[in-house]
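Subject: Structure handover

Hi,

Here is the structure for your files. My notes on it follow below.

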Amino acid sequence: MKIAKNTAVTLRIKVSDAKGLLLDEGKTPVSYLHGGYANIFAKLEAALEGQEPGFQTTVELAAEDAFGERDESLAQTMPKSEFPPGVKVGGQIQRLDAQGAPRHFFVTKIKGPLVLLDGNHPLAGKTLRFSMQVLDVRAASAEEIEHRHVHGAHGHHH
Ligand code: ZN
């Protein structure tokens, strides 16, 4: 079956940076609903349109087409004394951004009495290479189309 609107596509996706450094080896396949549902980046969908299981391609996306540019207003500091106990570098906390919306911040560094936080996606601001292999294509169910995502083993769980 060919990838077209309202097909459920299962892929293996490896992600590397522009220099070829592997960031995600894509061990677990992912499934998405094809056809403009924003389940995956639009330019990746475009590269897969009309293809079948077995197809492989590598697509390089600029930051603006992937996880977006970095927003430096999301790089913040917080006194260590106000910090919930037990949070370490690499951990996450939820706090409000400048617009008052809750957002996950990564703890990037502990520097003396200060904790450095970053609310950007870890891959924001990066050009990324996506190596994709199509494993399976099937017609999506009416329920999946209504929910705008795929159910099942590699899809969405409710
Ligand atoms: Zn659903």
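Is H147 buried, partly exposed or exposed? H147 is partly exposed, because its relative accessible area is 30%. The cut-offs are these: buried means under 20% relative accessible area, exposed means over 50%, and partly exposed lies in between, with a 1.4 Å probe and protein chains only.

Two notes on the basis. This is a predicted model, in which local features need pLDDT of at least 70 and side-chain atom pairs count only at pLDDT 80 or more, while totals for chains, interfaces and linings use all residues. Residues are numbered from 1 along each chain as its sequence is written, and side-chain values use heavy atoms, with hydrogens and water left out.

Zinc site

H147 is one of the residues that coordinate the zinc ion. Its donor atom is ND1. H149, H151 and H158 each coordinate through NE2. The distances run from 2.0 to 2.1 Å. Donors here are N, O and S atoms within 2.8 Å of the metal (3.2 Å for Na, K and Ca); water is not among the atoms, so sites may look incomplete.

The site is tetrahedral, with angles of 99 to 125 degrees among its 4 donor atoms. In sequence, the donor spacing reads H-x1-H-x1-H-x6-H. H149 counts as buried, because its relative accessible area is 16%.

R148 sits in the segment after α2 (142-147). Its phi is near 65 degrees, a positive value in a residue other than glycine. R148 is partly exposed, at 46% relative accessibility.

Overall fold

The protein chain has 2 helices and 9 strands. Both kinds are DSSP runs, numbered from the N terminus: helices are H or I with at least four residues, strands are E with at least two. The order from the N terminus is β-β-β-α-β-β-β-β-β-β-α. Along the principal axes, the C-alpha atoms fill a box of roughly 60 × 35 × 25 Å. Of the 158 residues, 34% count as buried.

Strand pairing

Two strands pair if DSSP finds at least two bridges between them. Strand β9 (residues 128-139) runs antiparallel to β1, joined by 11 bridges. L11 stands opposite V134 in β9. Strand β4 (residues 56-61) also runs antiparallel to β9, with 6 bridges. There, Q56 has Q133 as its bridge partner.

Strand β6 (residues 92-96) and strand β7 (residues 102-111) pair antiparallel over 5 bridges.

K109 has L116 in β8 as its bridge partner. This hairpin has 2 residues between its strands, and G112 in the turn has a positive phi of about 55 degrees.

Largest pocket

How much space lies in the largest pocket? About 350 Å³. The lining has 19 residues, and the closest to the pocket centre are I13, V15, D24, V30 and F130. β1 (7-17), β2 (22-24) and β3 (30-33) are the elements that give two or more residues to it. The lining divides into 13 nonpolar, 4 polar and 2 charged residues.

The terms: a pocket is an open set of points on a 1 Å grid over the protein atoms alone, where a 1.4 Å probe fits, with protein on both sides within 12 Å along at least five of seven lines; lining residues have an atom within 4 Å of a point. Points are joined across faces, edges and corners, and the volume is the space filled by probe spheres set on them. Ala, Val, Leu, Ile, Met, Phe, Trp, Tyr, Cys and Pro count as nonpolar, Asp, Glu, Lys and Arg as charged, and the others, Gly among them, as polar.

Single residues

A38 lies in the loop between β3 and α1. A38 has a positive phi of about 60 degrees although it is not a glycine. It counts as exposed, at 68% relative accessibility.

E45 is in helix α1 (residues 42-48). Why is E45 counted as buried? Because its relative accessibility is 8%. E45 and A4 are 41 residues apart in sequence and 9.7 Å apart in space, C-alpha to C-alpha.

Best wishes

How values were computed
Four donors count as tetrahedral if all angles lie between 85 and 135 degrees; four count as square planar and six as octahedral if opposite donors are over 155 degrees apart and all others between 65 and 115; anything else is irregular.
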